[in-house]
Structures are given as C-alpha cells and as structure tokens.
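Hi,

Here is the structure I promised to pass on. Have a look at it first, and then read on for what turned up.

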Amino acid sequence: MIEGEEYVELVKRFYSFLETDFNFTKVNETINGNAFYDVEFRNKERIISISYENIEDHLEVIVFILENGKMPDYDDKTKTLHLKQINRFAIEKASKDKINFNILYFAKYNAKNEIERRLLKKPGNFDYT
C-alpha cells in the first residue's frame with residue numbers, strides 16, 4: 001500500500017511532462033482516506049485522470065475529451081478513453097524515433113517499488129521486451 005501524499009507526489013513528478021510538453025495544468029488532487037487517490041491534469045480540450053485504488057491495487061489512466069469545457073459521461077467510449085485503448089492505436093502509428101524517445105525519456109527514472117514501476121510503465125505502456 002502507498003500513502004496518498006506519496007502517490008500524489010509521484011504522479012506530479014512522473015507526469016510532469018504533461019505540464020511542460022503539452023500545456024496541461026494540474027487541477028485536482030483527491031485523497032479519499034487510504035482507499036482512493038486521483039490526480040487530474042487539464043487543458044482546453046482534455047482532462048487526464050491518473051487514479052489508484054489502493055485496496056484493490058488498481059492503477060487507471062483515463063483521458064476525457066471535454067464537450068464545451070465539460071466532462072463527458074464516463075460510459076461514452078468515444079470521449080472517455082482508457083490509456084490501454086489509446087496505446088493500442090498509438091503504437092501502430094508511432095515511428096521508431098518516437099518509440100526510442102519514449103524509452104529514453106522514462107529511462108531517467110528508477111522505480112523503487114511496484115507502484116512506481118506501474119506509474120512509469122503507464123505513460124508509454126509499451127512493452128519492448
């Protein structure tokens with residue numbers, strides 16, 4: 001298990017590229033006891049939610065495509081995209097240079113435990129081994 005504050009700090013560090021490279025702003029941090037943590041980043045078109053259910057050990061990254069500045073219905077699969085689904089399409093279109101850049105970018109971090117390893121795997125989520 002991981003404490004809420006530690007989780008939030010890891011997300012802010014590992015996903016800082018959203019702010020520096022893609023003009024997102026961290027807009028929300030949620031810590032519900034020791035059970036659920038969420039960090040949200042937002043730009044004009046999207047909200048990216050990086051959440052963790054501590055008890056169930058479930059990490060989820062979701063991209064919400066905003067409709068008139070508002071969150072879509074969670075069940076709308078055209079506007080609520082799970083990272084696993086996005087990666088399936090993106091890997092087919094990614095150039096070798098982009099894939100190598102992704103590997104190099106995330107290689108600078110060393111995971112100290114399982115949750116860090118999972119957080120680092122999620123941004124690229126490409127398994128090259």
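Predicted model: local features only at pLDDT ≥ 70, side-chain atom pairs only at ≥ 80, totals over all residues.

The buried residues in H4 are Ile-99, Asn-102, Tyr-105 and Phe-106. Looking down the helix axis, these buried residues fall within an arc of 125°, so they line one face of H4. On the face turned away from that buried side you'll find the exposed residues Lys-96, Asp-97, Phe-101 and Leu-104.

Now the core. The largest nonpolar core has 27 residues, and the members that touch the most others are Tyr-7, Val-11, Tyr-15, Leu-18, Phe-41, Ile-50 and Leu-119. Helices H1, H2, H4 and H5 each give two or more residues to this core, as do strands E2, E3 and E4. H1 gives the most, with 5 residues.

Beyond its neighbours within four places in sequence, Tyr-7 is in contact with Ile-2, Tyr-37, Asp-38, Val-39, Ile-50, Ser-51, Tyr-52, Leu-59 and Leu-119.

That brings me to the rings. There are 5 aromatic pairs in the whole structure. In one of them, the ring centres of Tyr-7 and Tyr-37 are 5.6 Å apart with the planes at 35°, so the pair is tilted. The pair links distant parts of the chain, with Tyr-7 in helix H1 and Tyr-37 in strand E2, 30 residues apart. Tyr-37 is buried as well, with a relative accessible area of 0%. Another tilted pair is Phe-64 with Tyr-74, at 6.5 Å centre to centre and 50° between the planes. Here Phe-64 sits in strand E4, and Tyr-74 in the loop between E4 and strand E5, 10 residues apart. Phe-64 is buried at 6% relative accessible area, while Tyr-74 is partly exposed at 43%. Finally, Tyr-7, Tyr-37 and Tyr-52 make up one aromatic cluster.

On to the charges. I count 7 salt bridges in the structure. Arg-118 and Asp-57 meet through their side chains in one of them, at 2.6 Å from N to O. Arg-118 belongs to helix H5 and Asp-57 to the loop between E3 and E4, so this pair ties together parts that are 61 residues apart in sequence. Arg-118 counts as buried at 18% relative accessibility, whereas Asp-57 is partly exposed at 40%.

Lys-112 and Glu-116 form a salt bridge too, with their closest N and O atoms 3.9 Å apart. Lys-112 is exposed, with a relative accessible area of 65%, but Glu-116 is buried, at 3%. For Arg-117 and Glu-114, the closest N and O atoms of the salt bridge are 2.7 Å apart. Both residues lie in helix H5, 3 residues apart, which is about one turn of the helix. Arg-117 is partly exposed at 40% relative accessible area, and Glu-114 is partly exposed at 42%. There is also a network of salt bridges that links Glu-9, Lys-12, Lys-26 and Glu-29.

Cheers

Definitions and conventions. Residues numbered from 1 in each chain as written. Heavy atoms only, no water. Core = buried A, V, L, I, M, F, W, Y, C linked by side-chain atoms within 4.5 Å. Buried < 20%, exposed > 50% of the residue type's maximum accessible area, 1.4 Å probe, protein only. Helix = DSSP H or I, 4+ residues; strand = E, 2+ residues; numbered from the N terminus. Contact = heavy atoms within 4.5 Å. Arc of directions from axis to C-beta. Salt bridge = Lys/Arg side-chain N within 4 Å of Asp/Glu carboxyl O. Phe/Tyr/Trp six-rings, centres within 6.5 Å; stacked < 30°, edge-to-face > 60°.
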